[in-house]
Amino acid sequence: MSHISVLLNETIDALLAGRTEGIYIDATFGRGGHTQALLKRLSDNSRVIAFDKDPQAQAVGAVMAAQDSRLMMVHASFADLAEQLDQLNLGLVDGVMADLGISSPQIDQAERGFSFMNDGPLDMRMDNSQGATASQWLQDIEEEDLANILFQYGEERYSRRIAKAIKRAGIIETTGMLAQIVKEAHPKWEKHKHPATRSFQAIRIALNRELDDLVAFLPQAVQVLKPQGRLAVISFHSLEDRVVKHFIQNQSTLPEQGWLPQPEPDPRTLKKIARIAPGDQEVNDNYRSRSAWLRVAERLEHA
Ligand SMILES: C[S@@+](CC[C@H](N)C(=O)[O-])C[C@H]1O[C@@H](n2cnc3c(N)ncnc32)[C@H](O)[C@@H]1O
């Protein structure tokens with residue numbers, strides 16, 4: 001039920017870069033593993049502003065914030081980072097981190113409807129206080145759009161067959177029902193992988209607009225950083241990591257100019273700092289960390 005934080009020390013070390021004071025953003029509070037590690041290393045007059053769109057995570061954070069006045073919890077999507085910070089009137093910040101995806105409590109609680117292992121209502125919303133559940137969403141979506149989503153976000157080769165089976169099934173009320181429909185429609189099961197793994201991932205990403213939120217978040221994270229402030233992002237699958245990688249690449253490289261002089265002023269905003277994967281020990285201790293990548297960048301002085 002509890003959440004084991006991934007790349008904990010690596011992320012905090014990279015984010016702080018030797019500092020012990022300042023204002024830091026944890027864009028994905030979860031169960032507060034990274035937030036707590038950050039607070040431990042920060043001075044009394046520092047601040048951590050933590051975001052999560054999950055009401056349960058928000059409630060855990062509120063309890064923590066009541067015990068430590070340096071912490072403030074915001075129940076919002078990190079896609080609205082700049083606007084939320086603007087309202088708090090804190091000025092620029094020293095570091096922004098995000099640990100993407102879902103937390104272990106979200107997967108483990110059957111009633112959240114993320115898991116094909118624990119049967120529960122087909123919900124899958126990170127913010128279950130608003131919006132359509134996965135069950136309603138599957139009723140409303142066209143078969144072709146669903147097939148495209150399964151292909152793009154789940155890299156599911158049999159996306160068309162599975163989309164057809166899902167749409168034929170009518171109302172799908174539980175995760176168990178969806179898992180069974182996908183399993184029956186799937187002609188080729190991969191070793192060590194439930195046949196519904198890819199479809200569940202795809203539906204979750206689309207329903208929660210995970211990649212859209214990430215694309216909206218990254219430039220705002222840079223915008224709210226002080227010069228030399230750090231951005232640290234942990235991703236868990238290649239689609240997310242590709243977005244982070246390309247963003248940092250674009251922001252840290254001068255455009256191809258051929259023989260032309262370089263543009264003035266320098267359009268770059270970031271300097272690449274690191275790309276870190278968990279070591280063997282962490283992967284052994286926490287299977288969920290096996291696909292994680294931490295990417296770190298620093299805001300340039302002039303930007
Ligand atoms: C992997 S968990 C974070 C775990 C946390 N670092 C810890 O150590 O406890 C990801 C969290 O991000 C939240 N989340 C995902 N997308 C979000 C978004 N767009 N805005 C705010 N929170 C989001 C999820 O609800 C989940 O609680």
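Modeller: One definition before we start: the bend at a residue is the angle between two fitted axes, one for the seven residues ending there and one for the seven starting there. Helices (H or I, at least four residues) and strands (E, at least two) are DSSP runs, numbered from the N terminus. This is a predicted model, so local features need pLDDT of at least 70 and side-chain atom pairs count only at pLDDT 80 or more, while totals for chains, interfaces and linings use all residues. Residues are numbered from 1 along each chain as its sequence is written, and side-chain values use heavy atoms, with hydrogens and water left out.

Colleague: OK, where is the kink in α11?

Modeller: At Phe217, with an angle of about 25°, shortly before the proline Pro219.

Colleague: And what length does α11 reach from its first C-alpha to its last?

Modeller: α11 covers residues 210–223, 14 residues in total, and spans 20 Å. That is close to the 20 Å expected at 1.5 Å a residue, where the expected span is 1.5 Å times one less than the number of residues.

Colleague: Which residues of α11 are buried?

Modeller: Buried here means under 20% relative accessible area, exposed is over 50%, and partly exposed is in between (1.4 Å probe, protein chains only). In α11 the buried ones are Glu210, Leu211, Asp213, Leu214, Phe217, Leu218, Gln220, Ala221 and Val222. As background, an α-helix has 3.6 residues a turn, so residues three or four places apart point the same way.

Colleague: How many residues of α10 are buried?

Modeller: 8 of its 11, so to speak a mostly covered helix, running over residues 197–207. The buried set is Ser199, Phe200, Ala202, Ile203, Arg204, Ile205, Ala206 and Leu207. Those residues pack against α6 (134–140), α7 (143–154), α8 (159–168), α9 (175–185), α11 and α12 (238–252). After α10 comes Arg209, which has a positive phi near 50°.

Colleague: Ser199 is a polar one in that list. What is Ser199 in contact with?

Modeller: Ser199 counts as buried because its relative accessibility is 0%. Contact means heavy atoms within 4.5 Å. Leaving aside neighbours within four places in sequence, Ser199 is in contact with Leu150, Glu156, Ile162 and Val182.

Colleague: Switching to the cores. Which residues touch the most other members in the largest one?

Modeller: Met124, Trp137, Ile166 and Leu178, in a nonpolar core of 33 residues. A nonpolar core is a set of buried Ala, Val, Leu, Ile, Met, Phe, Trp, Tyr and Cys residues joined through side-chain atoms within 4.5 Å. The elements giving two or more residues to this core are α6, α7, α8, α9 and α10, and α10 gives the most, with 6 residues.

Colleague: What does Trp137 touch beyond its sequence neighbours?

Modeller: Leaving aside those within four places, Trp137 is in contact with Ala132, Leu146, Ile149, Ile203, Ala206 and Leu207. Apart from this core lies another, of 29 residues, among them Val93, Ala98, Leu214 and Phe217.

Colleague: Now charges. How many salt bridges are there?

Modeller: The count is 11, where a salt bridge is a side-chain nitrogen of Lys or Arg within 4 Å of a carboxyl oxygen of Asp or Glu. One of them pairs Lys226 with Asp94 at 3.1 Å, N to O. Lys226 lies in strand β5 (residues 225–235) and Asp94 in strand β4 (residues 93–99), so this pair ties together parts 132 residues apart in sequence.

Colleague: Is Lys226 buried, exposed or partly exposed, and what about Asp94?

Modeller: Lys226 counts as partly exposed, at 32% relative accessibility, whereas Asp94 is buried with a relative accessible area of 9%.

Colleague: What about Arg295, which residue does it pair with?

Modeller: Arg295 forms a salt bridge with Asp241, with the closest N and O atoms 2.8 Å apart. Arg295 sits in strand β7 (residues 293–299) and Asp241 in helix α12, so the pair links parts that are 54 residues apart in sequence. Both Arg295 and Asp241 are buried.

Colleague: Last one: where is Arg70?

Modeller: In the loop between α3 (55–67) and β3 (71–74). Arg70 counts as buried, at 12% relative accessibility, and forms a salt bridge with Asp68 at 2.9 Å between the closest N and O atoms.
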